[in-house]
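Trainee: Before we discuss any feature, could you show me the model and then take me through how such features are read?

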Amino acid sequence: MLNIHSEDLLGYLKFKGLKFEWVNQKNDVFMIASIFYPVNQGFYYYCGHKIPGELTNSLILIEKGTTTYEEDDNNSFIVVDIDPQLVFYSFLSDKFARNSNGLISSTAVIHPEAQLGNNVQIDHFCVIGKCQIDDNCIIGSHTVIHDNSVVGKGTVIESHSDIGTQGIAWVWNIEQTEKIVQPQLGGVKIGSHCFLGANSMIVRGSLNESTEIGNHSLFAPGARIGHGTRIGNYVHLANNVITGGNTSLGDYCFVGSSAVFRPKVTIHEFTIVGAGAVVARDTSKPGMTLMGVPAKETVSKEHPNGM
């Protein structure tokens, strides 16, 4: 169980120059908790209008003018002028930041010509090819990074991932008795400050191209990225997203769990793709939502939920 002291939060708010009001000052120590699994004396944020009754003796971040509360409530409130979820996430991200320890496991196998930046962490049983890994990266256990791959600074790749693995492209021979497989000769380029969840598989480019992932993009576990795919900056992929070869996703796209992209489709920036969608056509313009099988375009809501 992880706890926080109220003075830690107050100190953070003051350091960041955020305006706040502390209402019903009571307890000092609170357990960090999810509002979906409430505990007594928990620490939460809340964005709704009325505080749920199951929250008791807790410290709750709320936005001024949005959430109502009673002065004699048994909870304490930190009332802020901005989105309380942003404050909650920022505070916890700062307090529990995950940083490289700079250690390279003795069980890792590293190519003698691999280029490793400063303070790179490589965990147990990784296999690192003739590649480039920039400063402050974390490579989780049992991950393979193949030749001709580049990993930008501050990127985290979780365990059992495979970066630069080989895909398959083939044609029949003249007699149609044998499949002739084209070698995969390209590479992978991953930008800075990305997060690739466990079991992410990135297929290297087919010939002279690289499979590319932009800066600050986040992949939940199980992504499968086809050869030559180009993913922009600040893209989010939920669990088990699959792209065919040479797919293109623009900046700031959000893709729901288990969505599948046909090879060579182009998706504009700021597109939202619903969970389980099968995307078989290019989008017509930025900022649309794709849903269904096959996916159809609709206009995105002004304030979409679930992202």
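The dialogue below takes up the sheet, some loops and a surface patch in turn.

Mentor: Keep in mind that this is a predicted model, in which local features need pLDDT of at least 70 and side-chain atom pairs count only at pLDDT 80 or more, while totals for chains, interfaces and linings use all residues. Residues are numbered from 1 along each chain as its sequence is written, and side-chain values use heavy atoms, with hydrogens and water left out.

Trainee: In what order do the strands of the six-stranded open sheet lie?

Mentor: Strands, like helices, are DSSP runs numbered from the N terminus (E, at least two residues, for strands; H or I, at least four, for helices), and two strands pair if DSSP finds at least two bridges between them. Here the order is S1-S3-S4-S5-S6-S2, with mixed pairing. The edges are S1 (3-5) and S2 (20-23), each of which pairs on one side only, and the twist averages 30° from one strand to the next.

Trainee: How many bridges join S4 to S3, and how many join S4 to S5?

Mentor: Two bridges join S3 (residues 29-32) to S4 (residues 42-45), and these strands run parallel; Ile-32 has Phe-43 in S4 as its bridge partner. Three bridges link S4 with S5 (residues 59-63), again in parallel, and there Tyr-44 has Ile-60 in S5 as its bridge partner. As a general idea, the side chains of a regular strand alternate between the two faces of the sheet.

Trainee: Which strands does helix H2 lie across?

Mentor: For such angles, axes are lines fitted to C-alpha atoms, for helices over the stretch in contact (heavy atoms within 4.5 Å), and the angles run from 0 to 180 degrees between N-to-C directions. Helix H2 (residues 84-95) lies across S1, S3, S4, S5 and S6 (76-80), and runs at about 130° to S4.

Trainee: Is Gln-176 buried or exposed?

Mentor: The classes rest on relative accessible area: buried is under 20%, exposed is over 50%, and partly exposed lies in between, with a 1.4 Å probe and protein chains only. Gln-176, in the loop between S17 and S18 (179-181), is exposed because its relative accessible area is 56%. Its phi is near 55°, a positive value in a residue other than glycine. Asn-199 also has a positive phi, of about 65°, although it is not a glycine; Asn-199 sits in the loop between S20 (195-196) and S21 (201-203) and is partly exposed, at 36%.

Trainee: Which residues form the nonpolar patch on the surface?

Mentor: Ile-168, Trp-170, Trp-172 and Val-181 form it, with about 410 Å² of accessible area together. Patch members have over 30% relative accessible area and no salt bridge, and nonpolar side chains (Val, Leu, Ile, Met, Phe, Trp, Tyr) are joined within 5 Å, like charges within 9 Å. A salt bridge is a side-chain nitrogen of Lys or Arg within 4 Å of a carboxyl oxygen of Asp or Glu, and areas come from the Shrake-Rupley method with a 1.4 Å probe, where for residues only the protein chains shown count as cover. Ile-168 is in the loop between S16 (162-165) and S17 (170-172), and is exposed at 58%.
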